[in-house]
Amino acid sequence: MQCALYDAGRCRSCQWIEQPVEDQLSAKMTDLRQLLDGIAVGEWCKPVSGPEQAFRNKAKMVVSGSVEKPLLGMLHRDGTPEDLTDCPLYPASFEPVFAALKPFIARAGLTPYNVARKRGELKYLLLTESQADGGMMLRFVLRSQSKLEQLKAALPWLQQQLPQLKVISANIQPVHMAIMEGEQEIPLTEQRALEEVFNGVPLFIRPQSFFQTNPQVASQLYATARDWVRELPVNHMWDLFCGVGGFGLHCATPEMKLTGIEIAPEAIASAKQSAEKLGLHNLHFQALDSTQFAVAQQDIPQLVLVNPPRRGIGKALCDYLTQMAPGHIVYSSCNAQTMAKDIKMLPGYRVVRTQLFDMFPHTSHYEVLTLLEYCP
């Protein structure tokens, strides 16, 4: 992939960009094999990759510069701003949005936040696009509510310029730290969720709920989990750290009893909306801590699917799963290092197969899906 920003030394986020994608995949597979060294793996599935560029469905833009000439992108470590609206990881559909947002910032009087001076109001712009219909969600991350009425008053002009903006909200992040968003979310449109569709499964993206940034590869990840689970004699499963329910909704059948657990209430609201649209009434989604939920249960499912954050599932959940011994575990990981550590804390389980998903081309990061079977 060619990137003018990289060639000019203005951005180094894609550290592996000079390597052919085939070499990147090979290096990631080598890393995964090294991490699982000493663990018997029944089958190494072929890695899954997607487009080299224009694959992101999300932009997280630091707003800097002035209200008349805002920059959308990032800050270097020394505080120097960099405009990244030309980043080739973004699809062409983002270009008119960025172009309209710059004059809109001036119209609304949203002074970019100055980190050094701790002054200003607009910290970030968060843009997400649905591959299903091209609809978009736009979130303004503000330091306070002081400019909220000005923002509301200016919005009709922006909506006229960009009718694809279906969901708009303001997030209040008052802390002077590199934290992307705060707890308070203020909806600015009647529509509160953006609908996406993967493999015929409706998924809903809401503010303050995690969603994969590479839809092409994520779609294949969910489909693979579905195929693996449906090969097994399973009619009762848990989906822990379930997010918006992507895995559970793909794996579920009308006959299956499924419980999805996620700590973020907005994500659970999305999962429930999807289950209702699919007409699946035996799915139960709850906003709880996954580990606390699991260790309090006595009715053990035949399969537990886990999709934890980078820290992994941890010793407490590993100990519980080892003790209760569900027949199968499907582990989806964005950090193979912690996954390997967790697998070593699951005695009695063997790795049936594992597969790498290149969700983040041009970087060392990847996701991996692993099927474990209890073999006492």
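Domain 1 and domain 2 bury about 600 Å² between them, and 67% of that area is on carbon and sulfur atoms. Buried area here is the accessible area, taken with a 1.4 Å probe, that two parts lose on being put together, summed over both. In domain 1, the residues that lose the most area to domain 2 are Leu5, Arg10 and Pro215, together 62% of what that side buries.

The model is predicted: local features need pLDDT of at least 70 and side-chain atom pairs count only at pLDDT 80 or more, while totals for chains, interfaces and linings use all residues. Residues are numbered from 1 along each chain as its sequence is written, and side-chain values use heavy atoms, with hydrogens and water left out.

Domain 1 covers 4–52 + 214–374, and domain 2 covers 58–191; these bounds come from an automatic or database domain assignment. The centres of the two domains, taken over C-alpha atoms, are 31 Å apart. Eight residues from domain 1 and nine residues from domain 2 make the contact, where contact means heavy atoms within 4.5 Å.

Between domain 1 and domain 2 there is one salt bridge, that is, a side-chain nitrogen of Lys or Arg within 4 Å of a carboxyl oxygen of Asp or Glu. The side chains of Arg10 and Glu82 form a salt bridge at 2.7 Å, N to O. On the side of domain 1 that touches domain 2, the residues are four nonpolar, two polar and two charged. In this grouping Ala, Val, Leu, Ile, Met, Phe, Trp, Tyr, Cys and Pro count as nonpolar, Asp, Glu, Lys and Arg as charged, and the others, Gly among them, as polar. By the salt-bridge rule the count comes to 14. Arg10, in the loop between H1 and H2, and Glu82, in strand E3 (residues 81–83), are 72 residues apart, so the pair links distant parts of the chain. Helices (H or I, at least four residues) and strands (E, at least two) are DSSP runs, numbered from the N terminus.

The loop between helix H1 (4–7) and helix H2 (21–35) also holds Cys11. An unreviewed UniProt entry places the feature "binding site" at Cys3, Cys11, Cys14 and Cys87. These are spread over 85 residues of sequence but cluster in space, with a largest C-alpha distance of 10.5 Å.

The unreviewed UniProt entry places the feature "active site" at Cys334; such annotations may be inferred rather than shown by experiment. Cys334 lies in the loop between strand E14 (328–333) and helix H10 (336–344). Leaving out residues up to four places away in sequence, Cys334 touches Pro308, Pro309, Arg310, Tyr366 and Glu367.
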